[in-house]
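Please read it beside the sequence and the coordinates.

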Amino acid sequence: VANNGEAAVAGTWVDRVYLSADGTLAGALLLATVTQARQVQAGASYDAGATVTLPDWADGSYRFLVLSDATAQVYEYDREANNSGLSAPLLLGHPNLAVTSVTAPATAQSAEAITVRWQVENQGSREVAGFWVDRVYLSQDGTIGAGDRLLGEVIRGGPLAAGAGYAAELQAVLPIDVSGEWRILVRTDAA
């Protein structure tokens, strides 16, 4: 931030960092407020920074907008128009793990060992990093909930590129106390 005025400034003011879809404050999200307590000579400048958490917004192009002296604490004699600056575009994207198929035996008996196979695809626009868990359940209603039985889990690790996928399987023993019609469900990124 440069002091383009004719006099030094000393005091306390705040700089604010926003995320903006269109480069303006309209609809922008405040990410950080940084208090400045310093003196800046005429013609001099200062550097500042902030660590921010990006919101879970839709994929797209965004910009950081920094507004210096955001609460007008520094008297600038009608020269507030140059108190903001924009970053280069930031492309925001997300991973999106999705189970695309599940294969299991059509019939089985309680206490029997079965093999469950499934496919997962990253249908998002960014790679998946780190680790995640795929969990396999028995369900009577086809929706994972409180009455379902966890058969097992498989820990997975990235990176997994956007558009890429993997196959997984689990050997599981069915609980001895279940009977009737049950479904096998797989939830990825379950932890």
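A salt bridge is a side-chain nitrogen of Lys or Arg within 4 Å of a carboxyl oxygen of Asp or Glu. By this rule the count comes to three salt bridges. The model is predicted: local features need pLDDT of at least 70, side-chain atom pairs count only at pLDDT 80 or more, and totals for chains, interfaces and linings use all residues. Residues are numbered from 1 along each chain as its sequence is written, and side-chain values use heavy atoms, with hydrogens and water left out.

**Overall shape and content**

- The protein has zero helices and eleven strands; helices (H or I, at least four residues) and strands (E, at least two) are DSSP runs, numbered from the N terminus.
- The radius of gyration of the protein is 27 Å, whereas a compact globule of 191 residues would have one near 16 Å. This radius is taken over C-alpha atoms, and the globule rule is 2.2 Å times the number of residues to the power 0.38.
- The C-alpha trace spans about 85 × 30 × 25 Å along its principal axes.
- Of the 191 residues, 31% count as buried. Buried means under 20% relative accessible area, exposed over 50%, and partly exposed in between (1.4 Å probe, protein chains only).
- The accessible surface comes to about 11,400 Å², and 49% of it belongs to carbon and sulfur atoms. Accessible areas come from the Shrake-Rupley method with a 1.4 Å probe; for residues, only the protein chains shown count as cover.
- Among contacts between residues at least 6 apart in sequence, 67% join residues at least 24 apart. Contact means heavy atoms within 4.5 Å.

**Sheet β6-β7-β10**

- Three strands form an open sheet in the order β6-β7-β10, with antiparallel pairing. Two strands pair if DSSP finds at least two bridges between them.
- Strands β6 (97-103) and β10 (165-173) stand at the edges with a single partner strand each, so one side of each is left without a neighbour in the sheet.
- Neighbouring strands of this sheet are turned by 25° against each other on average, direction ignored. Axes are lines fitted to C-alpha atoms, for helices over the stretch in contact, and angles run from 0 to 180 degrees between N-to-C directions.
- Strand β7 (residues 113-122) pairs with β10 over nine bridges in the antiparallel sense, and V116 stands opposite L170 in β10.

**Strand β8 and its partners**

- Strand β8 (residues 131-139) is largely enclosed by the rest of the structure, because seven of its nine residues are buried.
- On β9 (residues 149-157), β8 has an antiparallel partner over eight bridges; V136 has G152 in β9 as its bridge partner.
- Five bridges join β8 to strand β11 (residues 183-187), again in an antiparallel run. S139 stands opposite R183 in β11.

**Salt bridges**

- E169 pairs with R117, the closest N and O atoms being 3.2 Å apart. This pair links E169 in strand β10 with R117 in strand β7, 52 residues apart. E169 counts as partly exposed at 41% relative accessibility, and R117 counts as partly exposed at 44%.
- E153 and R135 meet through their side chains at 2.7 Å, N to O. Here E153 lies in strand β9 and R135 in strand β8, 18 residues apart. E153 is partly exposed at 39% relative accessibility.
- R149 and D177 form a salt bridge at 2.9 Å, N to O. R149 is in strand β9 and D177 in the loop between β10 and β11, 28 residues apart. R149 is partly exposed, with a relative accessible area of 28%, whereas D177 counts as exposed at 54%.

**Two loop positions**

- N83 is placed in the loop between β3 (60-67) and β4 (84-86). N83 is buried, with a relative accessible area of 10%. Not counting residues up to four places away in sequence, N83 touches V66, L67, S68, D69 and E76.
- Q109 is found in the loop between β6 and β7 and counts as exposed at 60% relative accessibility. Q109 and E127 are 18 residues apart in sequence and 40 Å apart in space, C-alpha to C-alpha.
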